[in-house]
Structures are given as structure tokens and as C-alpha cells.
Amino acid sequence: MINRLLVANRGEIARRVFATCRALGVETVAVHSDADARGPFVAEADQAVRLPGNTPAETYLRIDLVLDAARKTGADAVHPGYGFLAENAEFAAAVTDAGLTWVGPPAKAIAAMGDKMEAKALLAEAGVPMLPTWTDPDEITDFPVLVKASAGGGGRGMRVVRDAADLAEAVASARREAAAAFGDGTVFVERYVERGRHVEVQIFGDTHGTVVALGERDCSIQRRHQKIVEEAPAVVGPQLRQRLHEAAVAAGRAVGYVGAGTVEFLLAPTGEFFFLEMNTRLQVEHPVTEAVTGLDLVRLQLLVAEGEPLPVAATPPVDGHAIEVRLCAEDPAQGYRPATGTLHRFAVPGVAGEFTPTKGLRLDSGVTDGSTVGVHYDSMLAKLIAWAPTRAEAVRALAGALARAEFHGVATNRDLLVRVLRSPEFATAEVDTGFLDRHEEVFAPLLAVAQVPQAALAAALAGAAGRRASAPVLAGLPSGWRNVPAFPQVTRYAGPDGEIEVRYRLDRTGALAEWSTDPAPGAARADGPAAGDGAGAAAGTEPTGGDPSEQPPTVALVEATPGRVVLDVDGVHRAFRVHRVGSAVFVDGPDGATSLAELPRFPLPGTELAAGSLLAPLPGAVTRVHVEVGQRVAAGELLLTLEAMKLEHPVLAPTDGVVAELPVPAGGQVDTGAVLAVVNPE
């Protein structure tokens with residue numbers, strides 16, 4: 001039996017495996033990089049071993065260091081998690097050669113499925129349907145096609161190509177990204193199916209010859225070929241479901257599969273399906289399968305690794321419906337590039353359980369309050385899973401919990417996830433891998449620009465309450481109250497769409513006498529009278545005439561504390577939660593959340609950037625520079641490529657012009673805000 005398990009991974013998946021180990025009485029060992037030294041997964045392990053360095057190549061991809069950690073701690077088994085070495089046949093063989101129990105499929109099966117071209121050939125012989133595939137780009141005549149990395153997964157190295165002229169660059173870029181992510185730059189090309197659905201089958205095998213399908217998942221909602229929403233069961237008919245399960249089991253038997261694995265298929269609108277790849281590991285989205293089957297898949301992995309037979313011999317019945325979303329550190333204002341920073345607050349309401357099968361709301365997170373999100377690893381922060389008796393109930397519960405959650409300090413894709421879940425098309429399961437390309441409306445923030453001023457007012461009133469509470473004298477005097485009422489209190493914020501100036505005045509009772517805001521140029525202005533005061537907006541602003549629906553709202557202050565403000569807006573109480581960290585102010589309201597930065601009353605003069613400066617959106621390395629100083633460029637032309645958090649980020653010319661400066665050479669490291677290039681517009 002396994003007594004002490006080392007998890008050769010980090011973050012959320014390490015915590016997930018540790019949770020099952022605790023329930024089974026198995027001791028745990030963590031390995032960690034320097035960047036992860038204070039990670040929650042390290043604190044939860046019984047023992048932890050430092051892997052000196054920060055990058056994956058220095059740490060989590062070092063087979064020798066991981067095995068040395070197992071030896072030092074007396075671990076008798078290794079679980080690879082997912083990513084890093086999870087699908088590395090050399091690692092699996094090295095673990096067993098060291099006399100340790102490998103919690104995964106045999107090295108031979110990993111090797112066979114790890115090379116996607118070899119896997120296609122092997123499974124085609126087993127009768128699994130395949131897409132047309134090419135290894136020589138010169139042989140391709142029909143477009144669109146999809147360039148894919150032969151090793152690894154997670155969307156790394158994938159490129160859709162619709163025109164032959166773009167194929168060479170797509171192949172070259174895919175090779176670089178695959179090499180950086182997996183250490184193998186081999187790619188191939190297959191036919192791209194428009195409006196296809198990504199449906200995968202969870203299989204499990206044991207050492208006694210049993211291979212069983214544990215149901216299927218729909219993972220069609222994807223961005224940049226990476227799944228962001230997954231659900232079980234997939235909305236398919238019973239006959240198609242049976243055919244998918246049979247094909248997946250045939251694939252598992254063809255390679256003598258043992259342990260947890262996933263066979264992924266592309267489902268065409270015609271009802272045909274084609275093999276995509278087989279992942280020889282536990283999948284990120286395994287919790288939805290656990291929710292509808294009641295099975296702990298990590299427990300099954302450990303039992304199978306110990307040589308026990310699977311406790312299930314056929315596909316189990318499905319109970320209810322489960323949906324998972326991947327919450328990622330991504331900045332919507334920067335085209336959903338990975339974001340970094342400190343998570344000042346990470347809170348999700350109504351969570352029923354974490355990391356193991358749970359009815360209701362489940363949270364599997366790699367972070368907690370105070371966690372630092374750096375540039376070295378994947379941007380996923382957590383997975384939120386909702387189970388309910390029906391799909392519609394699961395969708396509603398998950399969207400509601402996400403909308404009410406507090407994620408402060410790091411930009412996330414939360415608003416996008418909520419809008420996807422609440423879209424009419426998702427409600428009717430009209431999904432495919434091109435869903436986000438067709439529905440630009442889901443990229444809009446939950447909090448509309450016109451609603452930001454109310455959030456800014458709440459932030460200003462909470463700040464005033466905080467100062468009043470800490471005042472050594474005159475604490476009972478309302479902030480902003482004056483003997484001469486002509487001068488309101490003024491607070492300025494940097495908001496999501498520019499600067500916002502909030503002006504307000506409280507009377508001697510603490511009631512809101514008047515308020516107004518000046519938003520950024522081009523944004524909606526929100527100002528109006530205070531309830532019961534009879535006065536118009538401050539600063540000479542007159543109420544809008546005409547349609548009553550265009551009149552500014554009447555606002556009264558109901559309650560203000562440093563952490564909570566309740567406003568009466570046209571007779572409706574609206575509560576805002578306010579969290580301040582230094583000059584940063586995070587406001588969560590009934591319509592959505594926003595982040596503000598309070599500006600100093602008397603700002604110091606700053607260094608002015610040259611016009612046309614392009615700044616680094618996050619820390620990273622410049623991998624290639626495509627232009628020269630003095631070169632004329634067109635708007636949208638590729639200037640240079642920045643690599644960060646395992647992905648390539650193109651830096652494009654914002655306008656027609658001439659390249660004036662390229663201060664960072666290829667190979668140079670940059671921090672957020674560094675000038676990458678200067679383009680003088682024509």
C-alpha cells in the first residue's frame with residue numbers, strides 16, 4: 001500500500017491530491033520552487049522539499065531533483081498531477097526504476113499517446129475515427145486547418161490557419177511555443193472542423209484488464225484553444241453517447257491503459273466524431289465527472305496504482321448535472337493577457353466543499369488571500385464547480401456565485417465566465433469551439449461604464465467613514481460637511497476607463513446633500529440630487545430634460561462604514577462592499593465589480609512618455625524583434641513578440657507610422673510598463 005505520496009506538481013492540483021490523501025491516511029510530500037515557497041499547497045503537505053529556482057525548467061521539470069526529493073523524504077509513491085512531467089514517459093519509467101509506485105499509466109502507454117501522430121496511427125487500427133492529418137505543410141491544399149503540437153496539450157502551440165499564405169508563420173510560431181512549453185517543437189496539421197464540439201470521455205483502467213468509461217464531458221467553450229467552461233454530462237443523445245464511450249474504451253484497450261485517462265473527440269455538426277488526442281493523466285476538468293458519478297477519481301488512481309481492481313466495472317449512472325469554470329488571472333483590458341499581482345482578497349460565497357466530490361458548489365483553488373501571482377506558471381487561479389439536479393439550476397448557481405465572489409488585486413476572466421453562463425445560447429446548449437468568436441457581447445464587463453460613478457461614490461463615502469472612524473477629534477462630524485456649503489468634498493480615482501472625480505457634500509446629520517462625478521472623456525456622466533434635499537447636482541450641472549428615463553438618479557445615503565455602503569437609488573437600496581488596500585479600492589456592487597485607485601490631491605509631476613510608446617503589459621522576455629528602427633509600418637503590423645506565462649504575446653503597431661525606438665533587444669527581460677517600442681504616427 002501507498003503510505004507516503006510525493007506530488008510532483010504545484011498549486012491547485014497538488015492541493016487536490018493532498019485532500020484525498022488526508023482522507024485515506026496517506027502522508028504527503030510537496031516539492032516547490034522558490035516562487036512557490038509560501039504557496040498554500042506547500043503549507044498543507046506533511047513534508048516539503050525546495051527545488052532551487054523559479055522557472056519550470058529549473059524546478060518542476062527536473063526529474064533528478066524530484067526523485068531526490070522522494071528519496072530524502074522516504075516517499076514510496078509519486079503522483080504527477082497534470083502538466084509539467086505528468087505525461088512524460090521518461091519520468092514514469094524513472095519513478096518505477098527507482099522502486100517507487102507510479103500513480104499513472106505505464107510509461108509505454110504514455111509514450112504511445114504522447115506522440116500524437118503515433119497515437120493517431122495506433123488508434124486508427126483499433127477503429128477509432130480520425131481527421132485528415134499532414135506532417136508536411138507543403139502537402140496541404142484544403143483550408144482551414146489546425147496546427148497542433150505533437151507533444152503536450154492545454155492548447156499550447158495550436159493555431160487555426162485559413163489561408164495558405166499564413167501557414168508558414170503559424171507553423172513556426174507553434175513550434176516555438178510547443179518547444180518552450182513541452183521541450184518538443186514537433187507539430188502536425190489536421191483539418192479544422194467549423195462549429196465543432198469538443199467532447200471527451202473519462203476512462204479508467206486497472207491492472208486486471210478492466211477498462212471502463214466513466215461518462216463524458218463537453219469542453220467546447222474555449223479561448224485560444226484552452227478550455228474555460230466544462231460540463232458533465234454532455235448534451236448528446238443516448239446512441240451517440242454509447243458510440244463515444246465505446247470508441248474511448250477501444251482506445252484504452254489498444255494501448256493496455258491503466259489509471260485515469262481522457263479520450264478527446266471533435267464532434268461535427270453532422271453527428272460524426274473524430275479522435276483528437278488522448279491525455280494520459282487526470283484532467284483539469286475531472287471534478288464535473290466526480291460530481292455526477294460520486295466517485296473520487298484520485299482515490300481510484302491510488303487504488304489502481306496499488307494493484308487493486310476498479311470498484312466499478314461499467315459506466316456508472318449519472319446523477320444531476322455539473323459545470324466547471326476556470327478562473328484565470330487575465331486582464332480583459334489587455335486582451336485577456338495573463339495578469340500578475342497580489343490577491344488581496346479571494347472569496348467565493350456558498351462553497352459547500354473543496355477538492356473532493358461535493359454536491360452543490362465546490363472550489364478547487366491554488367491561491368488564498370495574500371497569494372502572489374507571478375509570471376512563471378499557468379494563469380489559472382482556481383476552478384469553481386456547481387452541481388445541481390438539472391443543467392439549468394447548475395448554470396444559475398454557478399453564475400450567481402461567480403458574480404458575488406470577491407477577487408481583489410489581480411484582474412481575472414470572471415466577468416467573461418458569468419456572461420457566457422448567462423447567455424441564451426449557453427442556456428440551450430448551443431455551444432461549439434467557436435462560441436467566443438461569434439459572441440463578442442460576452443466580453444463586455446458586468447459593470448457598465450455608466451454604472452462606475454455610483455461605485456466611485458460608494459468608494460468615496462466608505463473612505464470618508466474610515467477617516468471619520470479613525471479621527472482623534474471631531475469624529476462625529478460628517479466628512480465633507482462645511483459651515484459654508486458651497487465647497488463639496490472631492491476625491492479623484494483612476495478608473496477602468498479613465499479618471500473619475502467624485503464631489504459630494506453631507507449635511508450636519510450625515511445625510512447626502514448633493515453629489516456628482518466627472519467621468520473620463522466620452523464616458524457617461526452620473527450626477528443627480530440627493531433624496532429629500534431638493535437640490536440639483538453639484539457644480540452647476542442641471543438635470544436632463546425630456547424623457548424621465550434619462551433623468552439622473554435620486555440618491556440618498558442609507559449606511560456608510562469603511563467596508564460597506566448602502567445607497568438608496570430612486571427608492572431602491574443598493575449595497576456596495578468596499579475593500580481598500582493602500583490607494584487601491586475594490587468595489588463589489590449589485591451589478592458587478594470594479595477596481596479604482598485613489599489619486600493624490602496634489603500629484604507630483606511625472607515623467608512623460610514619448611508619443612507612440614508601446615508598453616509591456618506584463619513581465620516577460622522579448623523573444624523576437626520583427627522590425628528595425630526607421631522602418632515604416634502599418635497599423636496592426638507585428639513589431640515584436642513577448643513571451644510570458646508560457647504564451648507568446650504579439651506586440652502590434654497601433655497606427656501607421658515609423659519605428660522610432662526599439663529599446664529592448666531579442667532575449668531581453670522586461671517588467672510591466674517597460675517601453676518595448678515607439679512608433680511615430682504619420
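The model is a predicted one, in which local features need pLDDT of at least 70 and side-chain atom pairs count only at pLDDT 80 or more, while totals for chains, interfaces and linings use all residues. Residues are numbered from 1 along each chain as its sequence is written, and side-chain values use heavy atoms, with hydrogens and water left out.

Strand β1 (residues 4-7) and strand β4 (residues 77-79) pair in the parallel sense over 3 bridges, where two strands are said to pair if DSSP finds at least two bridges between them. Helices (H or I, at least four residues) and strands (E, at least two) are DSSP runs, numbered from the N terminus. The two strands belong to an open sheet of 5 strands with parallel pairing, whose order is β3-β2-β1-β4-β5. At its edges stand β3 (47-50) and β5 (101-102), each with a single partner strand, so one side of each is left without a neighbour in the sheet. Across β1, β2 (27-32) and β3 lies helix α3 (residues 63-73), which runs at about 155° to β1; such angles run from 0 to 180 degrees between N-to-C directions, and the axes are lines fitted to C-alpha atoms, for helices over the stretch in contact.

Further along the chain comes a pair of helices. Two packed helices are described by the angle between their axes and the distance between the axes. The axes of helix α5 (residues 107-114) and helix α6 (residues 116-125) come within 5 Å and cross at roughly 100°. The two helices α5 and α6 are therefore roughly perpendicular to each other, given that angles under 35 degrees count as roughly parallel, over 145 as roughly antiparallel, 65 to 115 as roughly perpendicular and the rest as oblique. On the α5 side, Ala-111, Ala-112, Met-113 and Gly-114 meet Lys-116, Glu-118, Ala-119, Leu-122 and Leu-123 of α6, with contact meaning heavy atoms within 4.5 Å. Sorted by class, this contact has 6 nonpolar, 1 polar and 2 charged residues, where Ala, Val, Leu, Ile, Met, Phe, Trp, Tyr, Cys and Pro count as nonpolar, Asp, Glu, Lys and Arg as charged, and the others, Gly among them, as polar.

Strand β7 (residues 145-149) and strand β9 (residues 187-191) pair in the antiparallel sense over 5 bridges, and the bridge partner of Ala-149 in β9 is Val-187.

Some points of the backbone deserve a separate look. Most residues other than glycine have a negative phi, and most peptide bonds are trans. The peptide bond from Phe-143 to Pro-144 is cis, with omega near 10°, and Pro-144 lies in the loop between β6 and β7. A cis peptide bond also joins Ala-232 and Pro-233, with omega about -5°; Pro-233 is in the loop between β12 (226-232) and α8 (238-254). Arg-224, although not a glycine, has a positive phi of about 55° and lies in the loop between β11 (211-223) and β12. With a relative accessible area of 37%, Arg-224 is partly exposed, since buried means under 20% relative accessible area, exposed over 50%, and partly exposed in between (1.4 Å probe, protein chains only). Tyr-336 likewise is not a glycine and has a positive phi, of about 60°, in the loop between β16 (330-331) and β17 (337-338), but Tyr-336 counts as buried at 6% relative accessibility.

Burial is also the theme of helix α9 (residues 286-293), which is mostly covered, with 8 of its 8 residues buried. Among them are His-286, Glu-290 and Thr-293. After α9 comes Gly-294, whose phi is positive, near 80°.

Finally, the chain can be viewed as a whole. It has 15 helices and 40 strands, and of its 682 residues 52% count as buried.
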